[in-house]
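The sequence and the structure are shown first.

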Amino acid sequence: WLELTTFARFLSAPVEMGMQSALGYYLFAMGFSISTGVSWLKFTQLSEFQVYFEGSMPAKWLITSVCAGLIYYAINKFKWPYTIPTFVAVGAAIFH
């Protein structure tokens, strides 16, 4: 069985940190594009960010931030490997 984590030990610390940062940014950007319906990865000008502060967007930001905070808290508190899948299932049941 191939374990991809064994390859991580061959990466230097700056490369590993860069990969983690890029993945974190991408997940953050995709999470907000899913919750708000607007993707900032397609923005060409800084002035296009104003769409995030119009209409019902602040309420969507609040729901997304609260859910992220609850997931962070649950991961640190319970140390259970099924924490994120449980949140996904519960969120799909509530909001779908």
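In which helix is Thr-83 found? The model is a predicted one, and in it Thr-83 is found in helix H4. Thr-83 is buried, with a relative accessible area of 6%, a value that falls under the 20% cut-off for burial. Not counting residues up to four places away in sequence, Thr-83 touches Ala-74 and Ile-75.

**Packing of H3 against H4**

Two packed helices are described by the angle between their axes and the distance between the axes. For H3 and H4, which covers residues 83–95, the angle is about 150° and the axes are 10 Å apart. H3 is therefore roughly antiparallel to H4, and the crossing of the pair is right-handed.

The loop between H3 and H4 contains Lys-79. Most residues other than glycine have a negative phi. Lys-79, in contrast, has a positive phi, near 55°. With a relative accessibility of 62%, Lys-79 counts as exposed.

Leu-62 also belongs to H3, and it is exposed, with a relative accessible area of 56%. From Leu-62 to Phe-87 the separation is 25 residues in sequence and 17 Å in space, C-alpha to C-alpha.

**Packing of H2 against H3**

Helix H2 spans residues 13–36 and helix H3 spans residues 57–78; they pack at an angle of about 130°, with axes 9 Å apart. The two helices are therefore oblique to each other. H2 passes H3 in a right-handed crossing. H2 contributes Phe-32, Ser-35 and Thr-36 to this contact, while H3 contributes Met-57, Lys-60, Trp-61, Thr-64 and Ser-65.

Ser-35 is located in helix H2 and is partly exposed, since its relative accessible area is 26%. Leaving out residues up to four places away in sequence, Ser-35 touches Lys-60 and Thr-64. Ser-35 and Ile-63 are 28 residues apart in sequence, and their C-alpha atoms are 8.5 Å apart in space.

| Residue | Relative accessible area | Class |
|---|---|---|
| Thr-83 | 6% | buried |
| Ser-35 | 26% | partly exposed |
| Leu-62 | 56% | exposed |
| Lys-79 | 62% | exposed |

**Nonpolar core and aromatic residues**

In soluble globular proteins, nonpolar side chains tend to be buried together. Here the largest nonpolar core has six residues, namely Ala-29, Val-38, Trp-40, Phe-43, Tyr-52 and Met-57. Met-57 is also one of the H3 residues in contact with H2.

Which residues are in contact with Trp-40, leaving aside its neighbours within four places in sequence? They are Tyr-25, Phe-28, Ala-29, Phe-49 and Tyr-52.

A search of the whole structure finds six aromatic pairs. One aromatic cluster is formed by Phe-43, Phe-49, Tyr-52, Phe-53 and Trp-61.

Definitions and conventions:
Residues are numbered from 1 along each chain as its sequence is written. This is a predicted model: local features need pLDDT of at least 70, side-chain atom pairs count only at pLDDT 80 or more; totals for chains, interfaces and linings use all residues. Side-chain values use heavy atoms; hydrogens and water are left out. Rings of Phe, Tyr and Trp (its six-membered ring) pair if their centres lie within 6.5 Å; planes under 30 degrees apart count as stacked, over 60 as edge-to-face and the rest as tilted. A nonpolar core is a set of buried Ala, Val, Leu, Ile, Met, Phe, Trp, Tyr and Cys residues joined through side-chain atoms within 4.5 Å. Buried means under 20% relative accessible area, exposed over 50%, partly exposed in between (1.4 Å probe, protein chains only). Contact means heavy atoms within 4.5 Å. Axes are lines fitted to C-alpha atoms, for helices over the stretch in contact, and angles run from 0 to 180 degrees between N-to-C directions. Helices (H or I, at least four residues) and strands (E, at least two) are DSSP runs, numbered from the N terminus. Angles under 35 degrees count as roughly parallel, over 145 as roughly antiparallel, 65 to 115 as roughly perpendicular and the rest as oblique. A crossing is left-handed if the near helix is turned anticlockwise from the far one by less than a right angle, and right-handed if clockwise.
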